[in-house]
Amino acid sequence: MISLQPIELEGNGIRLEPLEPRHGRELATAATDGALWELWFTVVPKPDETSAYIETALAGQRDGRMLPWAVRNLATGALVGSTRYHDIAANIDRVEIGYTWYAKSVQRSHVNTTCKLLLLTHAFEAVGCKVVGLRTDKFNFASQRAIEGLGAKKDGVIRHFGTRRDGSARDVVMYSILSSEWPEVKLHLERRLARHGRRAGGDSA
């Protein structure tokens with residue numbers, strides 16, 4: 001049976017810091033980069049809702065259902081988003097990665113790949129998970145492409161599963177990565193980050 005505790009994770013210029021109330025102001029600033037709360041299928045808080053957003057995440061942590069982080073870009077020192085483990089099922093060694101959002105200025109950069117590599121490595125190699133799940137709204141096509149780009153397998157669509165910000169019922173697309181698939185997925189993510197590094201250094205390949 002897996003056991004999870006708050007922990008700082010760092011790599012490739014990104015640090016995942018256990019989410020705390022002190023992150024509120026910086027997270028609100030990150031969310032304004034692209035007015036992310038206006039995307040109706042996401043869970044990004046409005047600036048004046050950030051404190052409640054953090055408290056909800058920490059309540060989930062106290063209940064053993066969630067483990068949330070703030071995402072810091074070490075190159076600038078700024079927080080650029082948030083992510084978490086959620087729907088933790090310790091008895092079957094399963095977690096999901098979700099509630100993930102990033103400031104618009106770092107989207108389509110190395111940030112998401114780095115965060116997923118850190119979270120997946122910790123889940124499979126330190127915690128001992130047998131499977132890691134990911135889910136997204138059926139209308140969040142960018143998120144679906146990003147998850148599939150990680151190497152996760154699509155399990156299917158669960159219809160009428162939860163509610164959106166506007167109160168409407170949503171369908172979710174479910175994905176997963178098994179522990180037996182992790183070595184190949186890890187290699188894929190490491191190679192992707194290496195390509196990001198070459199481009200940042202001026203290599204056009």
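Q: What does buried mean when one reads this predicted model?

A: A residue counts as buried when its relative accessible area is under 20%, and as exposed when that area is over 50%. In this predicted model, 47% of the 205 residues of the chain count as buried.

Q: Which residues are buried in helix H1?

A: Within H1, which covers residues 24-32, the buried residues are Gly24, Leu27, Ala28, Ala30 and Ala31. Their arc around the axis is only 160 degrees, which places them on the same side of H1. Arg25 and Thr29, on the other side of H1, are exposed.

Q: What covers the buried residues of H1?

A: The cover includes helix H2 (50-62), strand S4 (78-89) and strand S5 (94-102). After H1 comes Gly34, with a positive phi near 110 degrees.

Q: Which residues touch the most other members of the largest nonpolar core?

A: In that core of 37 residues, they are Leu16, Tyr85 and Val95. Helix H3 (residues 110-127) supplies the largest share, 9 residues. A second, separate core has 15 residues, among them Leu19, Ala31, Ile54 and Ala57.

Q: How many helices and strands are in the chain?

A: The chain has 5 helices and 8 strands. Its radius of gyration is 16 Å, close to the 17 Å given by the globule rule for 205 residues, so the chain is as compact as a globular protein of that length.

Conventions:
Residues numbered from 1 in each chain as written. Predicted model: local features only at pLDDT ≥ 70, side-chain atom pairs only at ≥ 80, totals over all residues. Heavy atoms only, no water. Buried < 20%, exposed > 50% of the residue type's maximum accessible area, 1.4 Å probe, protein only. Helix = DSSP H or I, 4+ residues; strand = E, 2+ residues; numbered from the N terminus. Arc of directions from axis to C-beta. Contact = heavy atoms within 4.5 Å. Core = buried A, V, L, I, M, F, W, Y, C linked by side-chain atoms within 4.5 Å. Rg over C-alpha atoms; globule rule 2.2 N^0.38 Å.
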